[in-house]
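Hello,

Here is the structure I promised to pass on. My notes on its salt bridges follow below.

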Amino acid sequence: SYNPQPVQHQQNPQSYNPQPAQHQQNPQSSLLMNYDGQFIYSQNSNVNNRRNSSPSDPLNILESKLISKGYNKKIIDLALELCGDNEKLATGFCSEFVNYLKMGFSENHIKHSLVLYKNDREKCVQFLSMISIMSIEQEKEFLNTLYLFDNDIDKATLFLDGLKQLENLGLDKDKSKEALILTNMDVQKSIDMLLKNN
């Protein structure tokens with residue numbers, strides 16, 4: 001099953017509320033995710049390519065401010081990549097990132113959660129709690145399924161649970177995927193469809 005018991009986390013991150021962005025549907029996005037779940041940067045939008053060496057460059061000024069607040073360079077670079085020179089958003093992003101680190105989640109998973117769900121704290125924690133106890137193969141399949149369902153965790157989980165049931169019945173995996181999509185994740189209708197077409 002792809003519905004593992006969530007890990008118990010107690011801390012409540014501070015607010016981070018940027019405008020929504022659909023990174024994976026936009027090929028010009030500053031951050032894209034490949035099928036291995038790794039982050040890759042577009043050369044046209046890499047934060048380093050937008051900077052100049054002038055101390056008055058807004059990104060350099062904001063970077064200095066964030067460093068003075070104690071945030072590390074890796075988090076700052078990602079914040080600037082996603083938020084540009086908007087100080088409120090970049091500071092909020094760094095704050096959220098640090099709080100999720102304190103909750104025990106990995107940096108890579110936190111990157112995913114904030115890129116995918118931004119200020120939706122409930123979705124971020126749901127995502128982090130699930131993915132943190134998955135195997136590498138489960139993680140890849142989960143991320144690919146999220147991509148398929150526009151990052152809807154509930155639909156992705158329903159799909160993967162249904163797929164597992166169909167595979168346990170000895171049904172073809174690829175055909176089962178098609179059937180689940182066509183039946184809106186109705187397992188019984190998918191079974192009927194697959195048996196009828198065999």
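**Salt bridges in the predicted model**

Lys74 and Glu107 form a salt bridge, with their closest N and O atoms 2.8 Å apart. This pair links distant parts of the chain: Lys74 sits in helix H3, Glu107 in helix H5 (residues 107–117), 33 residues apart. Lys74 is exposed, at 55% relative accessible area. Glu107 is partly exposed, at 28%.

The model is predicted: local features need pLDDT of at least 70, side-chain atom pairs count only at pLDDT 80 or more, and totals for chains, interfaces and linings use all residues. Residues are numbered from 1 along each chain as its sequence is written, and side-chain values use heavy atoms, leaving out hydrogens and water.

Some cut-offs. A salt bridge here is a side-chain nitrogen of Lys or Arg within 4 Å of a carboxyl oxygen of Asp or Glu. Buried means under 20% relative accessible area, exposed over 50%, partly exposed in between (1.4 Å probe, protein chains only). Helices are DSSP runs (H or I, at least four residues), numbered from the N terminus.

The structure holds seven salt bridges. In one of them, Lys73 meets Glu63 at 3.5 Å, N to O. Lys73 lies in helix H3 (residues 73–83) and Glu63 in helix H2, so the pair ties together parts 10 residues apart in sequence. Glu63 counts as buried, at 11% relative accessibility. Lys73 is partly exposed, at 42%.

Lys73 also forms a salt bridge with Asp77, at 3.0 Å between the closest N and O atoms. Both lie in helix H3, four residues apart, about one turn of the helix. Shared partners join Glu63, Lys73 and Asp77 into one salt-bridge network.

Best wishes

Note on methods
Helices (H or I, at least four residues) and strands (E, at least two) are DSSP runs, numbered from the N terminus.
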